[in-house]
Amino acid sequence: MLNKRKEMTSGNLAFAEAMRQVNPDVVAAYPITPSTEIPVKFAEFVANGLVDSEYVAVESEHSAITACVGASVSGARVMTASSANGVALMHEIFPIAAAFRAPIVFGLVNRSLGAPVNIHCDHSDSMPERDSGWIQIYCEDAQEVYDSVLLAVRLAEHDDVLTPVFVCQDGFITSHCYEPVELLSDESVKKFVGERKAKYPLLDVDNPVSYGSFTMSEYYFEIKRTQIEGMNNVPRVYKELTKELAEYTGREYPALDAYRAEDAEYLIVVMSSATGVVKDVVDEMRERGVKAGCLRVRFFRPFPAEELKKLADGKKGVAVLDRSASIGGTAPLAAEVKSALYGLSERVPLQEYLFGLGGRDLYPRDAEKVFSGLMENDYSDTARYIGLLEKDEENGGN
Amino acid sequence: MSKPKCWQDVPPATIAWGASALDVETGLWRSMRPVLDENKCISCLKCWLQCPDSSIKTNEEGRVCGINMFFCKGCGVCAQVCPVNAISMHQEADFTNEKREHGEDPGKVADHVK
Amino acid sequence: MENGKKRTLEVRWHGRGGQGAKSASAILAEVLFEEGKHVQAFPEYGAERQGAPMRAYNRVSDTPIRRRCSVENPNIVVIVDPTMVVSSNPCEGCMSDAVYVVNTPEDARALRTRMNLSADAKVLVVDATKITLEELGQNRPNAPLLGALSHLFTDVSAETFADHFTRKMKQLPAPVLEANRRAILRGREEAVLA
């Protein structure tokens, strides 16, 4: 029998519980709000002998990711977690991990990058890593976080992929929210994730290899192309894995979560926990006769451009809500969406929005206003701000 | 080792196969060559210890018997540390006319590597 | 009122970091979850230090809860620290018929006046500090507040609330569990509505 159990837990603790069940070989981690609970909880498991993992307590996030990469290319199954400037501190190692094809599974609990110091949620920590070569999965709730950890382990280690994975969740909003999560039994998880069969582990002294030698211009480009191939294989491999996990959980998560989107006239494209509010508003608007719909981007890397293009085709209006800015350019999600829609024979009107920076909430009234804007054909070429305190230019005051 | 002609053929994950260093004749980088005077050598092994390229040859009795010219890069550390001045550094160009013996041999390192 | 909210009850807790407001909201969520409700419990921090004012929230519903934004219009407000009754601005955004559950030795009617509540609003007062000092020897207002809250969640039995600790925290020694149980029941019995 599957022996599942439903427990009150949070996004962080669900991640940690999945880690316990996966029982990775090595975890090297450094704590930072709001992902602290992940390494802390896992260290508890280690101290209490509930896992066989080697826990390496390091002095910084840079050391954490470096230790993870070393362990991973040695053949170990490796996991870790971080947020905000901790992730930023790891930045220079991320492309190395990806090029080494190190299948690390990383709990990225989204928190705004300083300065100023802010502990709350936005996507400014994960978005700068979108070019790193890592897979990025954004989870809406704790259940999805738990399921995604299991999928990520298999996805990262698959021979056709061999790419490290960020499993992202919104800091505090998801990581610290207690809600019911259905957990699989230890046996089920063990069965699903199996054992890692590393291809070229450093610890295989009979077949010694070196990782990361100097490479001249004659091969660098080709090596990057092999990474691109791994990433290109993700959609196919992920489809198989999510079907397989569904046999245990009864849940499947498509790369693009389309909510009442097929026959919609107006769409909001959004990621992570803010989607909940948008879905509630979609339902309310539908009851009022408005054909509203929502697209939640779950995989930001690789970006589901084809699916998004198909679903956005022919829509009367699309709004994209970004939870991070690319100062001086187009915000990350908007840039991907616009790029995906570029090939449409008929242009779909699109409005970019920035919201939620530093943890500012998205409320139902905000989503309603976004839909109204689309319905009233009210567009601007530049991105608009949701909930920003602004001087009222017309009336000379707030 | 043949060079890859397309991205599909590059070794995965930036790896270099084991002992592939044996194929790289770093001796070609030399501009100064160490010459050992075996009469002066007392086999103190200071040069062997300090050589960054493991290029001081020793025999079964553990005595210094030469310098591996396949790998030696001519850094001169051996000459510096020798307490009896048994090693002297000379212009590599002085040896261009020297007959090479069937090319140099990287040596019996990493025999266990398949 | 939006559809999503009609079916959803929202609770806001006011406390200071380290006082247990976050734990209390989590416990409430757990009790209701075990009775088959859909629940959320989440904290909202200011500065990360002991004693800083903080809030915690619950959502309770018979249907799945999707929204995760902050609770702006709570139906129930719990004030864990008596010194925060006015300073924490507990009435902010509240529904006009909100119920305020307050840990305080103050008389319920006097508190109503001091808080300047509207006619529809109610106040449920319990001296949780006193109860826990007597029963547990510590100022841990969670348990009696939970007992007081059991009046507001009438489709869940009082026993469910009372036995929560005993069922959940088996690792604690029996006298501690019993003391918590008494604290919960006293919170329920000694709460005064105004």
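**Note on the predicted model, chain A**

1. Ile65(A) touches Met90(A), Ile93(A), Phe94(A), Ile104(A), Phe106(A) and Trp134(A), leaving aside residues up to four places away in sequence. The model is a predicted one. Together with Leu308(A), Ile65(A) touches the most other members of the largest nonpolar core, which holds 54 residues. Helix H3 of chain A (residues 61–73) supplies the largest share of this core, six residues.

2. Chain A has 13 helices and 16 strands. Its radius of gyration is 21 Å, close to the 21 Å given by the globule rule for 398 residues, so the chain is as compact as a globular protein of that length. The C-alpha trace spans about 70 × 55 × 40 Å along its principal axes.

3. Seven strands of chain A make an open sheet of mixed pairing, in the order S3-S2-S4-S5-S7-S6-S13. The edges are S3 (54–57) and S13 (299–301); each has a single partner strand, so one side of each is left without a neighbour in the sheet. On average, neighbouring strands are turned by 20° against each other, direction ignored.

4. Of the 398 residues of chain A, 59% count as buried. Among contacts between residues at least 6 apart in sequence, 81% join residues at least 24 apart. The accessible surface comes to about 16400 Å², with 50% of it belonging to carbon and sulfur atoms.

Note on methods. Residues numbered from 1 in each chain as written. Chains lettered and ligands numbered in written order. Predicted model: local features only at pLDDT ≥ 70, side-chain atom pairs only at ≥ 80, totals over all residues. Heavy atoms only, no water. Core = buried A, V, L, I, M, F, W, Y, C linked by side-chain atoms within 4.5 Å. Buried < 20%, exposed > 50% of the residue type's maximum accessible area, 1.4 Å probe, protein only. Helix = DSSP H or I, 4+ residues; strand = E, 2+ residues; numbered from the N terminus. Contact = heavy atoms within 4.5 Å. Pairing = 2+ DSSP bridges. Axes fitted to C-alpha atoms, helices over the stretch in contact; angles between N-to-C directions. Rg over C-alpha atoms; globule rule 2.2 N^0.38 Å. Areas by Shrake-Rupley, 256 points an atom, 1.4 Å probe, with all protein chains shown as cover.
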